[in-house]
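Subject: Structure handover

Hello,

Here is the structure for you to look through. Please open it alongside this note.

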Amino acid sequence: MYVPANVFTNDDLTKYMDTSDEWIQERTGIKERRFANRFGETTTTMGVEAAKIAIERAGITPQDIDFIIFATLSPDYYFPGCGVLVQRAMKMKEIGALDVRNQCSGFVYALSVGDQFIRSGTYKNILVIGSEKHSFAMDFNTRSRNVSVIFGDGAGAVVLQPTEDANRGILSTHLHSDGDNAEILALFNPGTHANYWKEGLADYDNAEIGELFESHAMIEKGQNHATMDGPAVFKKAIVKFPEVVMEALDKNGYSPADIKLLIPHQANLRISQFVQQQLKLRDDQVVNNIQKYGNTTAASIPLALCEAWQEGKVKEGDLICLAAFGSGFTWASALLKW
Ligand SMILES: CC(C)(COP(=O)(O)OP(=O)(O)OC[C@H]1O[C@@H](n2cnc3c(N)ncnc32)[C@H](O)[C@@H]1OP(=O)(O)O)[C@@H](O)C(=O)NCCC(=O)NCCS
């Protein structure tokens, strides 16, 4: 894992918008988050820092990596993706680099893609990264306070390798989506939608061609920032999280009591507590670190996994369940035998 050094507390946010430490902690559990160095760090560079540690712990070198999968919703460039920037920054061979755009469930989706390549015997050392630099694109005005108090920056990475032991590693992954709710948590502009799917998502200047992708009117109205219907996300998340965890457990003949650690995407502490209650899990079975980092989207699961491992909570043979839900909506789980 890699998180920027700069700690941004809830009180720091009150300098920019009408909010309070009490409101944020009560609704989300978040006390502070990290914000990247504005010009010195990018989504890719943070991913590279996490990747260096993962590669070293795997006992290999960047030249041994034979495939890169990079999950993010805050890429350095609109295109090309961050995967190729990692390939360049880490001086890797001319290997494949794939970017995954599944927001909060991006890391589990990326892990699932990597798992298929490992199972098929195509690749032997796959680097999977989840990284976000939310601080750069968020709106720090009161109008967006329900979004901007939640998110933080950071990165996590893992190296996937094959094993001969059928009872170890990734036992199964489960991926889902429901595009009916695509506009509930989204960043529409700049984009090519032209209000096709829904009226009023963007105001265009009166151009026949050109200046459509990003207009002055859009920027003036703040339509170039993420929007979220928080209560709608909450309602769906508390149903889909337990469902997708149970799907993974059922598939492999386990029950919630067998889980050593559930590592949920760190969306909101209240969501994780609700899921814990639904699944009747003890406190020591659920990893929560959103208090320190906020919601780091594609980075949150590898970050929480890394911290749990560093704290000695993840031992060989442990049953670990990763689960995520977020924008799309997409949701996913992975069951691992460490
Ligand atoms: C975002 C979330 C914390 C908002 O909490 P909520 O109780 O649903 O709040 P609402 O959006 O209904 O707003 C309630 C009030 O708080 C206000 N409010 C919103 N954000 C605020 C903030 N940061 N500070 C102070 N007040 C705020 C609203 O303006 C509203 O005021 P009003 O009643 O006067 O209109 C909550 O909906 C949530 O966590 N949803 C899930 C979001 C999530 O997990 N997203 C990531 C998915 S991966």
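Predicted model: local features only at pLDDT ≥ 70, side-chain atom pairs only at ≥ 80, totals over all residues.

Residues are numbered from 1 along each chain as its sequence is written, and side-chain values use heavy atoms, with hydrogens and water left out.

**Ligand site**

The ligand is surrounded by 22 residues. The closest are Thr19, Arg27, Cys104, Gly230 and Asn268. (A residue counts as near if one of its heavy atoms lies within 4 Å of the molecule or strand.)

- Threonine 19 places a polar side-chain atom 2.7 Å from a ligand nitrogen.
- Tryptophan 23 has a polar side-chain atom 3.4 Å from a nitrogen atom of the ligand.
- Asparagine 268 has a side-chain N or O atom 2.4 Å from an oxygen atom of the ligand.

On its own, the ligand has 950 Å² of accessible area, and the protein covers 71% of that. (Areas come from the Shrake-Rupley method with a 1.4 Å probe; for residues, only the protein chains shown count as cover.)

Which elements give two or more residues to the shell? They are helix 2 (21–28), helix 6 (145–148), helix 8 (230–251) and strand 11 (319–326). Helix 8 gives the largest share, four residues. (Helices, H or I with at least four residues, and strands, E with at least two, are DSSP runs numbered from the N terminus.)

By class, the shell has twelve nonpolar, eight polar and two charged residues. (Ala, Val, Leu, Ile, Met, Phe, Trp, Tyr, Cys and Pro count as nonpolar; Asp, Glu, Lys and Arg as charged; the others, Gly among them, as polar.)

**Sheet 4-3-5-6**

Four strands make this open, mixed sheet, in the order 4-3-5-6. (Two strands pair if DSSP finds at least two bridges between them.) Strand 4 (96–100) and strand 6 (154–160) each have a single partner strand, so one side of each lacks a neighbour in the sheet. Strand 5 (126–132) pairs with strand 6 in the antiparallel sense over seven bridges. There, serine 131 stands opposite alanine 155 of strand 6.

Helix 4 (82–89) lies across strands 3 (67–71), 4 and 5, at about 130° to strand 3. (Contact means heavy atoms within 4.5 Å. Axes are lines fitted to C-alpha atoms, for helices over the stretch in contact, and angles run from 0 to 180 degrees between N-to-C directions.)

**Sheet 7-12-11-10**

Another open, mixed sheet has four strands in the order 7-12-11-10. Its edges are strand 7 (169–177) and strand 10 (261–264). Strands 11 and 12 (330–337) are antiparallel partners over eight bridges. Leucine 319 has lysine 337 in strand 12 as its bridge partner. Helix 11 (300–310) lies across strands 10 and 11, running at about 145° to strand 10.

**Backbone points**

Asparagine 189 and proline 190 are joined by a cis peptide bond, omega about 0°. Proline 190 sits in the loop between strand 8 (185–186) and helix 7 (216–220). The bond from glycine 328 to phenylalanine 329 is also cis, with omega near -15°. Phenylalanine 329 is in the loop between strand 11 and strand 12.

Best wishes

Note on methods. Polar contact = N/O pair within 3.5 Å; in protein donor to acceptor, adjacent residues only side chain to side chain.
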